[in-house]
Amino acid sequence: MVDVNRLRVFRAVVASGSVNAAAQHLGYTPSAVSQHLATLQRETRLTLVERNGRGIAPTPVGLELASRSDDLIGSLTRLDGVIEDLREGRTDSLSVSSFASAAEEWLPGVAAAVLQEFPDVQFTFRLNEVETTQVVSADIDIRSEFLDEPPTAMTGYERHVLTTEPYVVVLPRDHPLAQQDEIRFGELGDVPWIDNDPGDTTCGRVVRMAASSCGISPRFVAYAGDHHGAVAFVAAGLGIAVMSRLAAATLPPGAVARPLVSPTPERRIVAFVHGSAMLKPVARRVVELLSDRVGPTA
């Protein structure tokens, strides 16, 4: 039987890229992490890591084990939540993870409506944009997808398409382009940009692909960690930002949003619901409320 804690440590090393980084994230010493790795290799009789310069790197077998253990770790995390609920006397709970703009614009209203019908349920909300692995441990997980790529799938989860959402351009209120009802993407080639999604996320890739399709190489003058920072920079007059309509739902007085055309970047928003969660009336109600709130073409 594989020791689950050692498996968690090994996955942390794979995700973090080094023993030292994993030790820091886990609160262990590097020697303790190394001992866990050595013991796990003896238990499995597999070579999971190998020397790579001054450090180590996972072997192909190690990468396969880390990938195959996603479902196990996700199930154990959910079980931990169940045990905690039982210990605290809670009989109904629901965990929901999502990207930031959905968490801000959709989930508060959905949660308020659900609590009127299920007053004893306890919600746990968290952002999935900051997760370092692909493990999904929430009952409901809301994510973005590319329209032009095959639909994603998660083992053990039902897939519910919520909406297809267009992107908009956020501009300073006094910007010349802000006087137009809609803006051609190609008109943004000569203006300064604020990057609101510098990571390799779905949202950032959607914007980059749209820019490439009309021959634009954005001239970034500032990089913001999220859409809030980007909107603040735009309102201060530093440049424009392209983001999802949901992220631009609430703007300060100094900024406005305009539709983009030729092309109009879009993303698909999907809710993944764990099979066991679908047995809970509260989970089914959350999915219903999300679908009602956003609509098929919201």
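Trainee: Why are the side chains of Lys280 and Asp139 said to meet in a salt bridge?

Mentor: The name applies because a salt bridge is a side-chain nitrogen of Lys or Arg within 4 Å of a carboxyl oxygen of Asp or Glu, and here the N to O distance is 3.9 Å. The pair links distant parts of the chain, 141 residues apart, with Lys280 in the loop between strand S12 and helix H10, and Asp139 in the loop between strand S4 and strand S5. Helices (H or I, at least four residues) and strands (E, at least two) are DSSP runs numbered from the N terminus. Please keep in mind that this is a predicted model, in which local features need pLDDT of at least 70 and side-chain atom pairs count only at pLDDT 80 or more, whereas totals for chains, interfaces and linings use all residues. Residues are numbered from 1 along each chain as its sequence is written, and side-chain values use heavy atoms, with hydrogens and water left out.

Trainee: How do you know whether Asp139 is buried or exposed?

Mentor: Its relative accessible area is 9%, and buried means under 20%, exposed over 50% and partly exposed in between (1.4 Å probe, protein chains only), so Asp139 is buried.

Trainee: What makes the side chains of Arg268 and Glu145 a salt bridge?

Mentor: Their N to O distance is 2.9 Å, which lies within the limit for a salt bridge. Arg268 belongs to strand S12 and Glu145 to strand S5, so this pair ties together parts that are 123 residues apart in sequence. Arg268, with a relative accessible area of 14%, is buried, and Glu145, with 4%, is buried as well. By this rule the count comes to 11 salt bridges, one of them between Asp3 and Arg6, whose closest N and O atoms are 3.8 Å apart. Asp3, Arg6 and Glu43 are linked in a network of salt bridges.

Trainee: What makes Val110 count as buried?

Mentor: Val110 has a relative accessibility of 4%, and so counts as buried, since the limit is under 20%. Val110 lies in helix H7 (residues 107–117). Leaving aside neighbours within four places in sequence, Val110 is in contact (heavy atoms within 4.5 Å) with Val286, Leu289, Leu290 and Arg293.

Trainee: Which residues make the nonpolar surface patch?

Mentor: Val221, Phe233 and Leu238 make this patch of about 220 Å², an area that comes from the Shrake-Rupley method with a 1.4 Å probe. A patch takes residues with over 30% relative accessible area and no salt bridge, joining like charges within 9 Å and nonpolar side chains (Val, Leu, Ile, Met, Phe, Trp, Tyr) within 5 Å. Leu238, with 37%, is partly exposed.
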